[in-house]
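Please report on this protein chain. Cover one of its pockets and the overall fold.

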Amino acid sequence: MIEQLAKHLVSLKKEFEKTYSGKSQMQEVIPVSTSELFPIKQQDLELLHQFATKNPIYYNSYEDTINNTKCIVYEGDINKYWLNSIQHGSSNAPFSPTWIMSAYIAVLMAKDLGYSEVIDIGSGDGRIAFCAKVLDMEAYSIELDEQLVDLQKMLVTILDFHPFCSDAITFDYASLNLNNSVFFIGGLAQMGGVALATGVIDKIVSQEFWKKTGWVFAGTYSQKYAPDPKNEAGWGTLIGNNKLRKIYTISLPTVWTFHETDETPYIFAESL
């Protein structure tokens, strides 16, 4: 089901990209209701719409039918948040979000793999952690930028996904009493993601919960980035160096791949 959901979302995005005539800096779609192509609980969809409606990143929305699926199109602008996020000296990856629907499907995959806790590293507006709460998982978001954490605090009134304003590399993860967690790393490997992931791994590798920890890395096949000698969409060397094992890859739309042929591959890995 999850693989099919991802394929249908990619098809929806490709058709939307062909027909979209707006000039918004970022745009994405969420189906209005559960359907054969998107057999998602109606309550879950409504919560995703609430997240978008209450999120100040989005300034416009309208209804459209794409590939016979009635959707709400959300248009937004992340410029001020992106600019603010790169001003921090210890920032490893600027804010650039995945689609809300992509976040939901990626977290659904994590839940299907048996994880019960999500730690959203470099969480931006907290959409991955929020989706974890939608799916009845425990969730924590770690974000360095104070402005983005303030934005998250506006959204926890829908569901509390526990935002922390902290440098992820120095955060005390033992304080969360983690047991069966998956870490989502924000940022492409070539855009600061490796430094961010390495710092977090070094922080927790000696913890008791390390061997039960999973990882999700956002990759890219774009030729504008130097390839990793061990592949895995930029993450192969980090996976090998830290004795992780890739278990699954799922491709999903993100803001930065809207006009690109390839979607963003999310690589799921676990400790050996």
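## The second largest pocket

The second largest pocket has a volume of about 190 Å³. A pocket here is an open set of points on a 1 Å grid over the protein atoms alone, where a 1.4 Å probe fits, with protein on both sides within 12 Å along at least five of seven lines. Points are joined across faces, edges and corners, and the volume is the space filled by probe spheres set on them.

The second largest pocket is lined by 15 residues; Lys41, Asp44, Tyr104, Val134 and Leu135 are the closest to its centre. Lining residues have an atom within 4 Å of a point.

## Basis of the model

This is a predicted model; local features need pLDDT of at least 70, side-chain atom pairs count only at pLDDT 80 or more, and totals for chains, interfaces and linings use all residues. Residues are numbered from 1 along each chain as its sequence is written, and side-chain values use heavy atoms, with hydrogens and water left out.

## Overall fold

The chain has eight helices and ten strands (DSSP runs, H or I of at least four residues and E of at least two, numbered from the N terminus). Its C-alpha atoms fill a box of roughly 50 × 40 × 35 Å along the principal axes.

Buried residues make up 53% of the 272 in the chain; buried means under 20% relative accessible area with a 1.4 Å probe, protein chains only. Take contacts (heavy atoms within 4.5 Å) between residues at least 6 apart in sequence: 67% join residues at least 24 apart.

Note on methods
Buried means under 20% relative accessible area, exposed over 50%, partly exposed in between (1.4 Å probe, protein chains only).
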